[in-house]
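Reader: Hi! Could you walk me through this structure?

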Amino acid sequence: MVARRQVGLLVLAAALAVAGAVALESCAGRGGTADVGAIARERGLTDADIVAAVKTYQPTGRLDEYLMFSSGGHGGQVLVIGIPSMRLLKVIAAFTPEPWQGYATGADEHREMMRRARVAGHDITWGDTHHPALSETDADYDGQFLFIGDKANPRIAVIDLRDFETKQLVANPNMGTDHGAAFVTPNTEYVIESSQYAVPLWNEYADVDRYQQEYRGLVTFWKFDRQRGRVDEAASFSIELPPYWQDLADAGKGPSAGWAFINSFNGEMATGGIESRKPAFEAGASQNDMDYLHILNWQKAAQVAATPGRARMQRGQRVIPLRTAVDEGLLFLAPEPKSPHGADVTPDGRRIVVGGKLDPHVTVYAFEKIKQATEQRAFTGNDAFGVPILDFNAVIDGQLEVGLGPLHTQFDGEGNAFTSVFLDTKVVKWSVEPLQVLDEIGVHYNVGHIAVAEGDTKSPDGKYLVSLNKWAIDRFSPVGPLHPQNFQLIDLTGEKMQLLYDMPIGVGEPHYAQIIKADKLNPQLVYPVGTSPGTMAQARDAVAGGQERIERRGNEVHVYMTAIRSHFNPEHIRVRQGERVVIHITNIEQAREATHGFAIAKYNINLSLEPGESQTASFVADQAGVFPFYCTEFCSALHLEMAGYLLVEPRG
Ligand code: K7E
Ligand code: CUA
């Protein structure tokens, strides 16, 4: 306490020195003062508050040290937040249309991307994002790509960090929902997606009465083509899993590279209750003391999948059947207590930490012991599907009691782990070797994931931890029955964890986030003129200044248009009712931030054209009339004049 007070006083002294120790009397006279101590007293701030403020405040123009990529939950987007300032820098549209960035609100490219990601014949216009994963090179974030899973539908989005835009949505044809997504292997060879709620795999339909026979879990290894910046669906493969409800996943690294670990709950294979008079899921899926950690050799599985006759094609995807996975030694189970949630591999790749929601311990598995047991075939038996089960006591390093409801674990670079504890609403710091609790801090309120700076790499920075809490309850001014979520920034540099900042999240419920050193990112600030962001290459229909024109081809009217401050060229588009209008529009600016929008009234179209960008929007002019189009970005003093008319002549 004394130490903290002294720090506070030191900071105060420093702040006063910066302010030149001049209490601006003229200011003070009008109600303002530059006397930091007086302001703090007036506002009732403690020394700790002042320290927290000084540790997070970024003067205007100063950039953040880290960027956090956070899931936007069932808002379907990705949030980009600066650390330590906790300023929201960007919302990256992923699964949900986002008009202000022209995402899926008119561009043909997005329409095609969304069309390919249709699920079960439905257009899906939202997503439930859970786990973002930065691309890795040698188990370290490389700042090139970001992947995120959509639990609901189940899909993966691929975001290119050259322009922070979504380039691909990949739908999984063989899952009901996912949850262990997205996680990457140490060189981003594969993006991992594992299922949550089991569904029939080999047949389209089977009643829940046939749960054990027909329902299955699944893990998909999406092959990532780094050169193209796309998932290669044809080169990807899946492994059939037992119908436990698979949960969080992580990829091994270092000594455990080539392996993946997936939690599960509902080892009971409960099928639900209420009208069936069987126990409801919450009870039925919580009866056993142990569930199963799935241990997968993906490196070997990739070879098996490539061997003719080993995988079966199911709905266009190569699936290794469970039987084959067992025979080839691709899949093992280790018991884990009890309804686990997080599975997290330590930075050195030697251990896997599992938090059991209904068990007050974290369980630490030793990969060396797992490997030995699989090689010596030291199994205690098989599950109902023939999958070998390892001896719990033979493969763990130990267990540590951390509190009620441990969920997710992160690491720093000094051998410490941090676990979120849901029911106790706290974060516990502990050392991996020896297993020992070091510190804990209360959070507000329901903590889910936590994220540490560079926390999933082989060399985490530590330094900052963000606690991603659900339901802020009383931390912010009430805004109706639905509370914002609360991101709490916690300082890890001292012996005791210290709360620095509360950030309300007024959109979807965040799940996981990753924090990367800002200087690893190097986004471009303008596109070369005529670039299609989809391919990052010259658009086929890009228009150079002076090449603007309107061409008629049968029933189609092609408009080759440019945008530059502060006009479109052409400003009049004349078509006949029923004609197809294809507008190819290029922002020919090369100045940073010279973005133009392109909205057409009553046709549900809004594009965002960043400097140099070229896009195409096509539609049938089915409504006769006069439709203004205009720029939706306030791009210049004469921005309101950046407009034109679409004239649709009635059919005669
Ligand atoms: Cu714990 Cu989907 Cu990772 Cu939510 S999950 S918190
Ligand atoms: Cu261009 Cu406003």
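Predicted model: local features only at pLDDT ≥ 70, side-chain atom pairs only at ≥ 80, totals over all residues.

Reader: Great! Which residues surround ligand 1?

Author: His 130, His 131, His 179, Leu 248, His 341, His 408, Gly 448, His 449, Lys 470 and His 511 (a heavy atom within 4 Å).

Reader: And how does that shell divide into nonpolar, polar and charged?

Author: There are 1 nonpolar, 8 polar and 1 charged, with Gly counted as polar.

Reader: Switching topic: how many residues has the largest nonpolar core?

Author: That core has 38 residues, and Val 219, Phe 221, Phe 237, Ile 239 and Ile 320 have the most contacts inside it. Its members are buried Ala, Val, Leu, Ile, Met, Phe, Trp, Tyr and Cys residues joined through side-chain atoms within 4.5 Å; buried means under 20% relative accessible area with a 1.4 Å probe, protein chains only.

Reader: Is strand 42 enclosed or open, and why?

Author: Strand 42 (residues 605–609, a DSSP E run of at least two) is largely enclosed by the rest of the structure, because 5 of its 5 residues are buried. Ile 605, Leu 607 and Leu 609 point one way, Asn 606 and Ser 608 the other.

Reader: What does strand 41 do with strand 42?

Author: They pair in the antiparallel sense over 5 bridges; pairing takes at least two DSSP bridges. Gly 597 has Ser 608 as its bridge partner.

Terms used: Residues numbered from 1 in each chain as written. Chains lettered and ligands numbered in written order. Heavy atoms only, no water. Buried < 20%, exposed > 50% of the residue type's maximum accessible area, 1.4 Å probe, protein only. Helix = DSSP H or I, 4+ residues; strand = E, 2+ residues; numbered from the N terminus.
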